[in-house]
Amino acid sequence: MVRFNDIVEAVQKYNPNADIKTLERAYVFSAQAHKGQIRLSGEPYLIHPLEVAYILTRMSLDIPSIVSGLLHDTIEDSFVSKEDIEEYFGKEVAELVDGVTKISQMQLKPSEDSRAESLRKMILAMSKDIRVILIKLADRYHNMQTLKFLSEEKQREISKETFEIYAPLAHRLGIEWMKGDLEDESFKYLYPNEYKAIAERVAKKKKERDAYIEEVIELLKEKFAQFKLNAEISGRAKRFYSIYKKMKLERLELDDIYDLTAFRVIVNEVKECYLALGLIHAFFKPIPGKFSDYIALPKANMYQSLHTKVIGPRGEKIEIQIRTHEMHRLAEEGIAAHWKYKEGKVFDPKVDNVFGWLRRLIDAQQENKDNREFIEDFKINLFPDEIYVFTPRGDVKELPKGATPVDFAYAIHTHLGHMCVGAKVNGRIVPLRYTLKSGDTVEIITNPTHKPSKDWLGFVKTSKARSKIRQWIKTEQREQSIELGKALIEKELAKHDLSFSKMLKSGELLNIAKDFSFENVDDFFASVGYGLYTPLQALGKVIPEEEKPGKLKRLISTIKRKKDAPIKIKGVEDMVVSFAKCCNPIPGDKIFGFITRGRGITIHTADCPNIETYDEQRRVEVTWDLGKEVTFPVRLKISSDDRKGLISDISTVMAMNNANIISAKAMTYPDKSAAGIYVVEIGHISQLQKIIKSVQKIKGVKSIERLRGLA
Ligand code: MN
């Protein structure tokens, strides 16, 4: 149990000139306010603010913060008002206590909307004064330790919130011990069985583990002594939650206790970190790929250390962290270690700059995004998995884990993202979906005429890349449709000797657009481009009646609206689609789309005999939409002996394969051979293949061949 004197002593250690008088007044004030109140644990309430204030000293916080820690529950739980606190302790403390009270009053309800709302408020409080969050963290830290007195439902609810919000916050603020403890405490209530199993086993193996730790420390000390390296070395069981994660990840058994031990080496100077690392690696075999240099590349929370994994004296994997005393202090105190205690100044602007994620969160919550997007951003920004990569000029970019060169390109500039066609990582060409690693140098290869692809959405990791690509697709689709619609209408008008440009100038086209309730011609063109109206429908009013049927009908006969065509076009929702007569594709064939001038997109097979005449630039990727049952006529040439009953056998095969014969033409030759051309309705290439196989088995059949084109 913490006594007031413990707090005073702790403060004086890091702040010898601290204003202890104010601290004493706060203690008395809090004791009076909470007088007679009892916690669920049965202890006097005052214990709680004392513990909270003591936890704040572990982060070396300033006097206003610790005073606020002592007073943090007075507004909420007693008759004290914000004005009272301001009168006795000044505006700064009053604002801090008020901020903490506001966060405590937020209920994190299960619904996503109210959770997002609460997060926004919390971030807002944080942006005003980060100390509010530190006090709230200390409050939560102590509450987690006394959670056992609450109902099971409450325990889970609070643990979930702690795990999802407070532990990541502590991590982001660089307070390592607090993050670890908060995780372990919530793990205890969220996975009670798993927690119990791990805790029991760790306790049971304590003796064995302690002996092992002793052995490793002795080995290292001996080695270090040879090189006159002074180091503090300690070892301990890994935290329960990280053991749990490790077991799940590596399918470890609880008996592999050595693997569950972590070592820490603390030295005086940075260069000694690398010396220690070299000695460790010379002594214990390092595991490739398990070394991270967070000294050269500090984490976003400014954490620095060397991390390595080696094969220990008994053939087991051990983890070792190497850092200086100063780095250790920063890892313990977190963000507070970075700011200077100056009158009226809460945040060192340099630190503010480095804690860029905080700025981004604040910006994100001001952007008024919808709640789902906001929570997404919050998670992306709060969770620790970031990597650091370099631009060719050596600037560092921070990206979420799993980010690709496309994310990198968009992180630098939207245009760079749009134009990116490839990337070099450390000088080697990589695919765009390549997963970047910390330390990679990334160079983006661009092509000014290149355009983003919808497929990128399948692998980008940053919200920026995602939203920029989406935005581009929306605009581009519309532009394409306008262009296409314009071309279709122009062509249609030309057929009737009507001039597009004249009608556009005279406003005649605008009038037609208005008849269709469009406000401008572009929307009207787009509707034709999308396939909402055929050009003929769109121009029905201006085309002379006698010119409508006949010729026109034939021209549009192969055009099917996308609605019916079994085709998906990459990047485009609605598009007029027709099927080429030259190669006559059927579902299942490898195909590509060709953007025609005026007739939408024509589908050809990948082996179309005319393929060379189709300009690369105007080809688009298309796939079959097999959910739609549409049949296509296919011409088949069957050579055979001239025998009776053959045609009947062929039609039986077609019928058994559900294929209609539309027409059949047969010829016999003097040498008693025969040839037939059959036009058959086919739904899919596999159906056709079955038919070909079965026909080949018919007695007297010599060959069967799919003819290209519909003649
Ligand atoms: Mn409290």
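Helix α23 passes helix α24 in a left-handed crossing, meaning that the near helix is turned anticlockwise from the far one by less than a right angle. Helices (H or I, at least four residues) and strands (E, at least two) are DSSP runs, numbered from the N terminus. α23 covers residues 508-515 and α24 covers residues 521-530; the two pack at an angle of about 65°, with their axes 9 Å apart. Axes here are lines fitted to C-alpha atoms, for helices over the stretch in contact, and angles run from 0 to 180 degrees between N-to-C directions. That angle makes α23 roughly perpendicular to α24, a term used for 65 to 115 degrees. On the α23 side the contact (heavy atoms within 4.5 Å) is made by L509, L510, I512 and A513, and on the α24 side by V521, F524 and F525.

The model is predicted: local features need pLDDT of at least 70, side-chain atom pairs count only at pLDDT 80 or more, and totals for chains, interfaces and linings use all residues. Residues are numbered from 1 along each chain as its sequence is written, and side-chain values use heavy atoms, with hydrogens and water left out.

In soluble globular proteins, nonpolar side chains tend to be buried together. A nonpolar core is a set of buried Ala, Val, Leu, Ile, Met, Phe, Trp, Tyr and Cys residues joined through side-chain atoms within 4.5 Å, where buried means under 20% relative accessible area (1.4 Å probe, protein chains only). The largest such core has 58 residues, and I7, L23, L137 and M178 have the most contacts inside it. Helices that each supply at least two of its residues include α1 (4-14), α2 (20-33), α3 (47-58) and α8 (130-145). α8 gives the most, with 9 residues. Leaving aside neighbours within four places in sequence, I7 is in contact with V2, L23, L50, A53, Y54, T57, I66 and L70. A second, separate core of 32 residues includes F579, F632, I682 and I692.

α3 is mostly covered, with 10 of its 12 residues buried; among them are L50, A53 and T57. Its cover includes α1, α2, α4, α8 and α10. At 1.5 Å a residue, the 12 residues of α3 should span 16 Å, and its end C-alpha atoms are 17 Å apart, which agrees; the expected span is 1.5 Å times one less than the number of residues. After α3 comes S60, whose phi is positive, near 55°.

The protein chain has 28 helices and 22 strands. Of its 711 residues, 48% are buried.

Conventions: Buried means under 20% relative accessible area, exposed over 50%, partly exposed in between (1.4 Å probe, protein chains only). Angles under 35 degrees count as roughly parallel, over 145 as roughly antiparallel, 65 to 115 as roughly perpendicular and the rest as oblique.
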